[in-house]
Amino acid sequence: MKSHSRRILVIRLGALGDFVQSFPAFAAIRAHHDGAAITLLTTAPFRELGEASPWFDRVEIDARPRLTDLAGMKRLRAQLRGYDLVYDLQTSSRSNWYHRVARKPTWSGIAKGASLPHANPWRDEMHTRMRQRDQLRMAGIGAVPDADLTWLAAGGPVLDAPYALLVPGAAPHRPAKRWPAVQFGELASRLAGRGIRPVVVGAKGDAELAAVICASCPEALDLTGRTSLLDLGGLCARAALAVGNDTGPMHMAAAMGCRCVVLFSAESDPALTAPLGLAAGQVDVIRVHDMATLCVDRVVSILG
């Protein structure tokens with residue numbers, strides 16, 4: 001559809017899982033506004049993904065200044081103003097006040113006074129993907145299919161197949177979301193026994209967890225802190241399997257079509273945030289109250 005809005009801003013600031021969950025919305029906005037100049041406002045970790053994708057003409061980095069940071073607020077005002085239409089996919093208390101800073105352009109979101117409000121009273125009980133689909137529907141975008149991620153599938157090191165990605169990390173401030181590394185280590189040994197090489201991925205801060213896994217399974221490859229997000233996309237696309245906690249790389253694996261087993265504790269609700277795959281049966285979720293009680297046999301039984 002040809003767009004009458006020449007300049008469009010898309011706001012998505014969040015963590016990796018949130019950013020990946022927005023891929024279909026990004027693609028739908030691009031398809032709906034063919035010919036428009038679309039800018040993404042995001043945070044620094046996602047610049048590379050935004051610039052490599054086919055959805056945006058420009059990427060702006062939100063430094064998230066405090067109100068008392070006069071220079072930072074001046075830059076933010078410049079970043080937010082001059083757009084014909086804004087899609088706020090962040091829909092947070094912070095991005096809500098961006099509506100005022102931007103001088104109240106045509107706005108899709110939940111900010112007070114938004115001209116294209118997501119006025120569904122049940123929005124907070126919807127899965128992220130469904131909530132964004134509903135928001136875009138109310139803004140006039142009817143179709144939000146899975147995004148074409150072929151641009152992301154070629155990145156990263158090419159490893160001998162078959163291999164399985166293990167994702168032992170999670171948000172540092174939420175340790176209860178983590179399955180113990182010793183359990184990942186036992187799982188790695190079981191996979192290696194089946195001829196599947198375990199490959200541990202995650203942030204640099206997950207290196208200690210990887211060390212525990214590799215101590216239990218010397219065949220495992222530690223790539224923690226050694227892959228960019230573009231690298232991770234390709235690794236996921238070529239993996240036979242991914243097993244990990246409720247964290248960003250598992251969302252990437254699901255989006256790339258990888259067979260996934262995602263481990264949830266009582267810390268989060270899979271009905272609202274679970275990674276979604278491309279086909280039925282691609283993603284399995286195991287939820288327990290306390291990760292320490294989850295045995296390796298149960299995870300292996302899901303793998304078949």
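# Notebook: packed helices, pockets and cavities

I started with a pair of helices and found that helix 7 and helix 8 cross in a right-handed way. I am working from a predicted model, so I keep that in mind throughout.

**Entry 1: the helix pair**

I read that two packed helices are described by the angle between their axes and the distance between the axes. For helix 7 (residues 181-193) and helix 8 (residues 207-216), I noted an angle of about 40° and axes 8 Å apart. Are they oblique or parallel to each other? At that angle helix 7 and helix 8 are therefore oblique.

Next I looked up who touches whom. Helix 7 brings A181, V182, F184, G185, A188 and S189 to the contact, and helix 8 brings L209, V212, I213 and S216. I sorted the residues of this contact by class: seven are nonpolar, three are polar and none is charged.

**Entry 2: the largest pocket**

I moved on to empty space. A friendly reminder to myself: rolling a probe the size of a water molecule over the atoms shows where such space is left.

The largest pocket comes out at about 880 Å³. It has 35 lining residues, and A15, L16, G17, T247 and G248 are the closest to its centre. Helix 1 (16-21), helix 9 (229-238) and helix 10 (248-255) are the elements that give two or more residues to this lining. Which element has the largest share of the lining? I found that it is helix 1, with four residues. By class, I wrote down 13 nonpolar, 14 polar and eight charged residues for the lining of the largest pocket.

**Entry 3: the second largest pocket**

For the second largest pocket I noted a volume of about 180 Å³. Its lining has 13 residues, with Q90, T91, D124, T128 and R131 closest to the centre. Helix 6 (128-138) and helix 11 (270-273) are the elements that supply two or more of them. The lining of the second largest pocket splits into three nonpolar, five polar and five charged residues.

**Entry 4: the cavities**

How many cavities of 30 Å³ or more does the structure hold? I found two.

The largest cavity has a volume of about 120 Å³. I listed 14 residues in its lining, and V20, P24, R129, A255 and L276 lie nearest its centre. Helix 1, helix 2 (23-32) and helix 10 each supply at least two residues of that lining. I sorted the lining of the largest cavity into nine nonpolar, three polar and two charged residues.

The second largest cavity has a volume of about 50 Å³. Around it I found Q21, S22, P24, A25, R129, Q132, R133 and V144. Helix 2 and helix 6 are the elements giving two or more residues here, and helix 6 gives the most, with three. The class count for the second largest cavity is three nonpolar, three polar and two charged.

**Entry 5: two backbone spots**

Last, I checked the backbone. Most residues other than glycine have a negative phi, and most peptide bonds are trans.

I found a cis peptide bond between A161 and P162, with omega about -5°. P162 sits in the loop between helix 6 and strand 7 (163-167). I also marked R64, a residue other than glycine with a positive phi, near 55°. Where is R64 found? I traced R64 to the loop between strand 3 (58-61) and helix 4 (70-80).

How values were computed:
Residues numbered from 1 in each chain as written. Predicted model: local features only at pLDDT ≥ 70, side-chain atom pairs only at ≥ 80, totals over all residues. Heavy atoms only, no water. Axes fitted to C-alpha atoms, helices over the stretch in contact; angles between N-to-C directions. Parallel < 35°, antiparallel > 145°, perpendicular 65-115°, else oblique. Left-handed = near helix turned anticlockwise from the far one by under 90°. Contact = heavy atoms within 4.5 Å. Nonpolar A, V, L, I, M, F, W, Y, C, P; charged D, E, K, R; others polar. 1 Å grid on protein atoms, 1.4 Å probe; cavity = no way out; pocket = protein on both sides within 12 Å on 5 of 7 lines; lining within 4 Å. Points joined across faces, edges and corners; volume = space filled by probe spheres on them.
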